[in-house]
Amino acid sequence: MDSAGVLARGSAKVVSTSRLGTGSYEVIFTRSVAKCSFTATIGTTSTGSIPAPGQATVAGQAGNNNGVFIRIVDRAGNSLDSSFHLGVTCGSTKVIGVIAADGTKARGANVVSSTKLGGPNGGTYEVIFNRTVSGCSYTPSVGTTGNGGSISTPVTITTATRAGNSNGVFIFIHQTNGATIDEPFHLAVYC
């Protein structure tokens, strides 16, 4: 979607897109996405690069199970209009996890367990699936686990294969100053 809220390209299952206000967008689909994982990244819809990227966060649209809310902030946490890419992964055969800040699973196909590691604001999690994922790619986004709300603290989220367990993924969440922070997230695994 471009920074004005206009769909640049995407699935025929997208009914509408709009910019709700500075840095706030919604995408409405033809069916419920309430049991899906949402991932968003800031990126151009054509060529070139984003000169001063920030962070995109995701949430189910409040009051509409067919919608996804996207919030974009700059590195200081201020609302920012930007183009972005949104991925919605659904289905019982997909490897996805939506994990609360305390490490509990909110939803997710094929998740055996999820755990927050470390103390308060440790920012480290593990998600274990019912199949090997060590040869797959991991795509996470910070975002609320329910419908509505947003996260305004700019963070970086990174992943790693779980050492000693090919069915697991480590998630690490850091603030822009490098300190770790606990935040809910969506994780899609592509094999």
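At 3% relative accessibility, Ser141 counts as buried (under 20% relative accessible area, with exposed over 50% and partly exposed in between, using a 1.4 Å probe and protein chains only). Ser141 sits in strand β11, residues 137-147 (strands are DSSP runs of E with at least two residues, helices are runs of H or I with at least four, and both are numbered from the N terminus).

Its side chain reaches the backbone nitrogen of Ala40 at 2.8 Å. Set aside the neighbours within four places in sequence, and Ser141 is in contact with Phe38, Thr39, Ala40, Val58, Ile157, Phe185 and His186 (contact here is heavy atoms within 4.5 Å).

## About the model

This is a predicted model, where local features need pLDDT of at least 70, side-chain atom pairs count only at pLDDT 80 or more, and totals for chains, interfaces and linings use all residues. Residues are numbered from 1 along each chain as its sequence is written, and side-chain values use heavy atoms, leaving out hydrogens and water.

## Two disulfides

Searching the whole structure turns up 2 disulfides (pairs of cysteine sulfur atoms within 2.5 Å). Counting bonded cysteines along the chain, they follow the pattern 1-2, 3-4.

Start with Cys36 and Cys90, joined S to S at 1.9 Å. Cys36 lies in the loop between β2 (24-29) and β3 (37-42), and Cys90 in the loop between β6 (84-89) and β7 (95-99), so this pair ties together parts that are 54 residues apart in sequence. The torsion about their S-S bond is about 105 degrees, so the Cys36 to Cys90 disulfide is right-handed. Both Cys36 and Cys90 are buried.

Then there's Cys136 with Cys191, again a disulfide, with the sulfur atoms 1.9 Å apart. Cys136 is in the loop between β10 (124-129) and β11, while Cys191 is in the segment after β14 (185-190), so the bond links parts 55 residues apart in sequence. With a torsion of about 95 degrees about the S-S bond, the disulfide of Cys136 and Cys191 is right-handed. As for solvent, Cys136 counts as buried at 16% relative accessibility, whereas Cys191 is exposed, with a relative accessible area of 71%.

## Asparagines with positive phi

Asn110 has phi near 70 degrees, a positive value in a residue other than glycine. You'll find Asn110 in the loop between β8 (105-107) and β9 (111-117), and at 15% relative accessibility it counts as buried.

Asn121 has a positive phi too, near 55 degrees. Asn121 is placed in the loop between β9 and β10 and is partly exposed, with a relative accessible area of 41%.

Technical notes. A polar contact is a pair of N or O atoms within 3.5 Å; within protein, one must be able to donate a hydrogen and the other to accept it, and residues adjacent in sequence count only if both atoms are side-chain atoms.
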